[in-house]
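Please keep the model open while reading.

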Amino acid sequence: MSESSVLAALVSGLRGGSIEVVDLTSPLSSSTPVIQLPPQFGQTAVFELEEISRYDDRGPAWYWNNFRSGEHTGTHFDAPNHWVTGKDLADVASVPARRLMAPAAVLDFTAEAAKNPDFLVEIDHVKAWETENGPLPDGGWLLLRTGWDTRSHSQEEFLNADENGPHTPGLSAECARWVAEDTPVIGLGVETVGTDAGAAHSFDPVFPCHSYLMGSDKYGLTQLRNLAALPPTGSVVIAGPLPIVTGSGAPARVLALVERS
Ligand code: MN
């Protein structure tokens, strides 16, 4: 590679530390929080390891496991076919690889979510962000920072549910429709258990982020962490869901490249 090559500059930046790799992924274990639907619906599995051998009679020199997991367990990618509105669109294995590396806009609503766990982002909030930071990135992600990652050690705190259901921040139905249909982003990334707000079961339409994003051939990323380490603009997200053939989503390792001056 020549010295002027973009990839050579990237490698040099990574080695020299001027480009930082931020891990946006929540570790996967049996205590990773999972979404809980009302009891009449099917439920997703928690992540479980099943040991095959560990340097023992079952395999004297090797350690390995089988695992069981929901497609939508932990930090994961929602494919368009996850929702009925996108049922004829891409499964997770069909998402083009070039769309798995994309710029990110990070919108910080940590203060609002701390005051009100049911805080909803409206179109005007995003427009105010754009006035300050420029337009949402064409072909990029809208990442919603809410501070919710600090609760991810506890299923109870993470879901934050009472007799009326979960209380977690997200987008209003109107904002979800606008992001899906009228902005150039490829998807929405959040720190919470799903892309929709906790109260979205009673929105019109129900679960509007899922409904509008998947129906618009867009994607979701959930249970992100460390968004506080990202600037409002200029980072690049690498999202790597497992290519489960016909799958509706998959656990994903999600990284961000951030340039440090
Ligand atoms: Mn999901």
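## Helix H6 and its cover

Helices (H or I, at least four residues) and strands (E, at least two) are DSSP runs, numbered from the N terminus. Buried means under 20% relative accessible area, exposed over 50%, partly exposed in between (1.4 Å probe, protein chains only).

This is a predicted model: local features need pLDDT of at least 70, side-chain atom pairs count only at pLDDT 80 or more, and totals for chains, interfaces and linings use all residues. Residues are numbered from 1 along each chain as its sequence is written, and side-chain values use heavy atoms, with hydrogens and water left out.

After H6 comes Asp 217, with a positive phi near 60 degrees.

## Helix H5 and its contact with H3

H5 has its own buried set: Ala 173, Cys 175, Ala 176, Trp 178, Val 179 and Ala 180. These residues pack against strand E6 (120-121), H3, strand E7 (141-145), E10 and H6. Contact here means heavy atoms within 4.5 Å.

How do H3 and H5 pack? Helix H3 (residues 123-133) meets helix H5 (residues 173-182) at an angle of about 50 degrees, with the axes 8 Å apart. That makes H3 oblique to H5. Angles under 35 degrees count as roughly parallel, over 145 as roughly antiparallel, 65 to 115 as roughly perpendicular and the rest as oblique. Axes are lines fitted to C-alpha atoms, for helices over the stretch in contact, and angles run from 0 to 180 degrees between N-to-C directions. H3 contributes Ile 123, Val 126, Lys 127 and Glu 130 to the contact, while H5 contributes Glu 174, Cys 175 and Trp 178. The contact residues divide into 4 nonpolar, no polar and 3 charged. Ala, Val, Leu, Ile, Met, Phe, Trp, Tyr, Cys and Pro count as nonpolar, Asp, Glu, Lys and Arg as charged, and the others, Gly among them, as polar.

## Cysteines

The disulfide count is 0, with a disulfide taken as a pair of cysteine sulfur atoms within 2.5 Å. For Cys 175, the closest cysteine sulfur is in Cys 209, 7.6 Å away and too far for a bond. Cys 175 is buried at 0% relative accessibility. Cys 209 is also buried, at 0%.

## The manganese site

Which residues supply the protein donors of the manganese ion? They are His 72 (ND1), His 76 (NE2) and Asp 78 (OD), lying 2.1 to 2.3 Å from the ion. Donors are N, O and S atoms within 2.8 Å of the metal (3.2 Å for Na, K and Ca); water is not among the atoms, so sites may look incomplete. The donor spacing in sequence is H-x3-H-x1-D. His 76 is buried at 2% relative accessible area, and Asp 78 is buried at 1%.

## Two single residues

Val 185 sits in the loop between H5 and E11. Its relative accessible area is 1%, so Val 185 is buried. Not counting residues up to four places away in sequence, Val 185 touches Leu 136, Pro 137, Gly 140, Trp 141, Leu 142, Val 179 and Lys 218.

Ala 161 belongs to strand E8 (residues 161-162). Ala 161 is exposed, with 54% relative accessible area. Leaving aside neighbours within four places in sequence, Ala 161 is in contact with Glu 156 and Pro 166.
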